[in-house]
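Please open the model in your viewer and keep the selection tool at hand.

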Amino acid sequence: MRRLLPEPATDVDPWDAYGDAPALRVGMVMSADGTVTDADGWTDGLGGAADMRVFRTLRALSDAILVGAATVRTGRLGPARLRPELRDRRGGPPAPIVVVSRSLDLDWTLPLFTVAETPTVVVTSRAANHHSLVPRTVPVVAAGDDEVDLSEALRVLREEMGHRRLLCEGGPVLTTALVRDGLVDEVCLNIAPTLHGSARHTRLLRELPAEVPVEPTAVYHDDGVLFLRYSLRLA
């Protein structure tokens, strides 16, 4: 990996490049024309091996990984795993996946809930939690009465569960809500060297009530992929 900004450098280790993890960062890959899914409607094929190296590093540097319920319902999201070298650097098991779901309409037989090395956590509202039969093996954070209160949920994850460095991997609904509520410190956006066109376009974000200014803090390049870091905490 080469660093282009702030000072040019070669042979940069992604662990060092992203090691200063803030309280909440968003990690996403996107094609050069702005879609966050590949031809199969998933992110797997967008950035190739270079993107996957950074993807795995961001996970290893995090205390918990936030995902939206729609991503889980695809059935393609499995439990977090760590390669041996990243497990050694992290010094322990993988971070838990944290599923944010307003309805708790989830398939509890998925491997994500049944065989995860680190138990998957679910964030929901108190009303949904009251009416749902969540398996006892699944930790639940109930935040907000009828709707999920993301600010309260993040406070519980950090202060009561010890997950201080959070990574959000989407999808667009959850990412938009976190940005809208002013909870995101950084966006790590990986630009894949490909064009997909409008037929398979999935936006990074949904509608926001106002423009959110960002500041580029670092740019890296590896195997055709541009790795951009944007700060949302402007002075």
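The stops below each tell you what to select and what is found there.

Before selecting anything, keep in mind that this is a predicted model, in which local features need pLDDT of at least 70 and side-chain atom pairs count only at pLDDT 80 or more, while totals for chains, interfaces and linings use all residues. Residues are numbered from 1 along each chain as its sequence is written, and side-chain values use heavy atoms, with hydrogens and water left out.

**The whole chain**

Show the protein chain as a cartoon, and you can look for eight helices and 10 strands, where helices (H or I, at least four residues) and strands (E, at least two) are DSSP runs numbered from the N terminus. Along its principal axes the C-alpha trace spans about 55 × 40 × 40 Å. Of the 235 residues, 49% count as buried, a word that here means under 20% relative accessible area, whereas exposed means over 50% and partly exposed lies in between (1.4 Å probe, protein chains only).

**The interior**

Next select Y18, V72, V99 and F113, which are the residues with the most contacts inside the largest nonpolar core, a group of 37 residues. Such a core is a set of buried Ala, Val, Leu, Ile, Met, Phe, Trp, Tyr and Cys residues joined through side-chain atoms within 4.5 Å. Among the elements that give two or more residues to this core are α1 (14–17), α2 (48–60) and β10 (225–231), and α2 gives the most, with four residues.

Now centre the view on Y18: which residues does Y18 touch, not counting those up to four places away in sequence? They are R25, V54, L58, L61, C188, N190, Y220, F227 and R229, where a contact means heavy atoms within 4.5 Å. Apart from this core lies another, of 33 residues, among them V26, V123, V179 and V219.

Select L4, in strand β1 (residues 2–5), which is partly exposed, with a relative accessible area of 37%. Then move to L5 and P6, which are joined by a cis peptide bond with omega about 10°; P6 is found in the loop between β1 and α1. D11 is also placed in the loop between β1 and α1; its phi is near 55°, a positive value in a residue other than glycine. D11 is exposed, with a relative accessible area of 74%.

**Two further loops**

Select L104, in the loop between β4 and α5, where phi is near 65°, again a positive value in a residue other than glycine. Is L104 buried or exposed? At 6% relative accessibility, L104 counts as buried.

Finish at G170 and G171, which a cis peptide bond joins, with omega about 5°; G171 lies in the loop between β7 (166–168) and α8 (172–180).
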